[in-house]
Amino acid sequence: MIVEAQVTINGSKAAIWAAITNIENASETMSGIEKIEVLEKPANGLVGLKWRETRMLFGKPATVEKWITDAAENEFYKAKAEDGGFVFLTTKRISESSGSMTLAESHESKPQTIAAKLSVPMLFLFKGVVKKALLQDLNDIKAAVEQE
């Protein structure tokens with residue numbers, strides 16, 4: 001299952017990049033994140049950054065460990081998480097078209113275990129929840145960048 005969302009932001013690529021890569025303080029920017037705990041920091045760059053992220057899901061805290069697997073400065077980064085027999089792949093991408101900036105995010109859920117594969121029909125119920133969370137995160141980032 002892949003869920004995608006995007007917003008147009010009045011700001012520079014550098015400002016948007018700074019906002020999306022400030023993972024340590026993401027809970028201050030994104031209202032959907034309760035807590036961030038950085039676990040590993042790479043010597044340089046973004047690849048290898050690992051953190052624990054807590055969000056409220058169905059009224060309960062849900063915590064997952066994420067790490068950056070690939071990145072190109074001012075363009076995109078990819079993060080991975082594994083939980084409950086699933087691999088979750090997230091990409092945040094900045095693009096420019098006709099002078100306006102777009103921040104897009106995609107979230108892919110890949111079942112790895114038999115139990116996870118059997119629960120795939122439940123993912124479609126989850127799709128709306130994920131889309132709503134993505135849009136909230138993107139709009140929170142938009143607000144933070146545009147108020148600078």
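Start with charges: the structure holds 10 salt bridges, each being a side-chain nitrogen of Lys or Arg within 4 Å of a carboxyl oxygen of Asp or Glu. Before you click, note that this is a predicted model, where local features need pLDDT of at least 70, side-chain atom pairs count only at pLDDT 80 or more, and totals for chains, interfaces and linings use all residues. Residues are numbered from 1 along each chain as its sequence is written, and side-chain values use heavy atoms, with hydrogens and water left out.

**Stop 1: salt bridges**

Select Glu 65 and Lys 50. Their closest N and O atoms are 3.6 Å apart. Glu 65 belongs to strand E4 and Lys 50 to strand E3, so the bridge links distant parts of the chain, 15 residues apart; helices (H or I, at least four residues) and strands (E, at least two) are DSSP runs, numbered from the N terminus. Glu 65 has a relative accessible area of 29% and is partly exposed, and Lys 50, at 21%, counts as partly exposed too. For these labels, buried means under 20% relative accessible area, exposed over 50%, and partly exposed in between (1.4 Å probe, protein chains only).

Now pick Glu 105 and Lys 92, another salt bridge, with 3.2 Å between the closest N and O atoms. Glu 105 sits in strand E7 (residues 100-111) and Lys 92 in strand E6 (residues 86-97), so this pair ties together parts that are 13 residues apart in sequence. Are these two buried or exposed? Both Glu 105 and Lys 92 are buried.

Next, go to Lys 142 and Glu 146, whose side chains meet in a salt bridge of 3.1 Å, N to O. They are 4 residues apart in helix H4, which means that about one helical turn separates them. Lys 142 is partly exposed at 22% relative accessibility, and Glu 146 is partly exposed at 31%.

**Stop 2**

Zoom in on Ile 16. Beyond its neighbours within four places in sequence, Ile 16 is in contact (heavy atoms within 4.5 Å) with Ile 9, Gly 11, Ile 94, Met 101, Leu 103 and Val 145.

**Stop 3: two buried polar residues**

Select Asp 137, in helix H4 (residues 120-146). With a relative accessible area of 3%, Asp 137 is buried. What does its side chain meet in a polar contact of 2.5 Å? The partner is the side chain of Arg 55. A polar contact is a pair of N or O atoms within 3.5 Å; within protein, one must be able to donate a hydrogen and the other to accept it, and residues adjacent in sequence count only if both atoms are side-chain atoms. Past the neighbours within four places in sequence, Asp 137 also touches Met 30 and Gly 32, among others.

Then try His 107 in strand E7. At 16% relative accessibility, His 107 counts as buried. Its side chain makes a polar contact of 3.3 Å with that of Thr 90.

**Stop 4: out to the loops**

Select Ala 43, in the loop between E2 and E3. Its relative accessible area of 89% makes Ala 43 exposed. Draw a distance from its C-alpha atom to that of Ala 5, 38 residues apart along the chain, and the separation is 31 Å.

Finish at Asn 10, in the loop between E1 and H1 and exposed at 60% relative accessibility.
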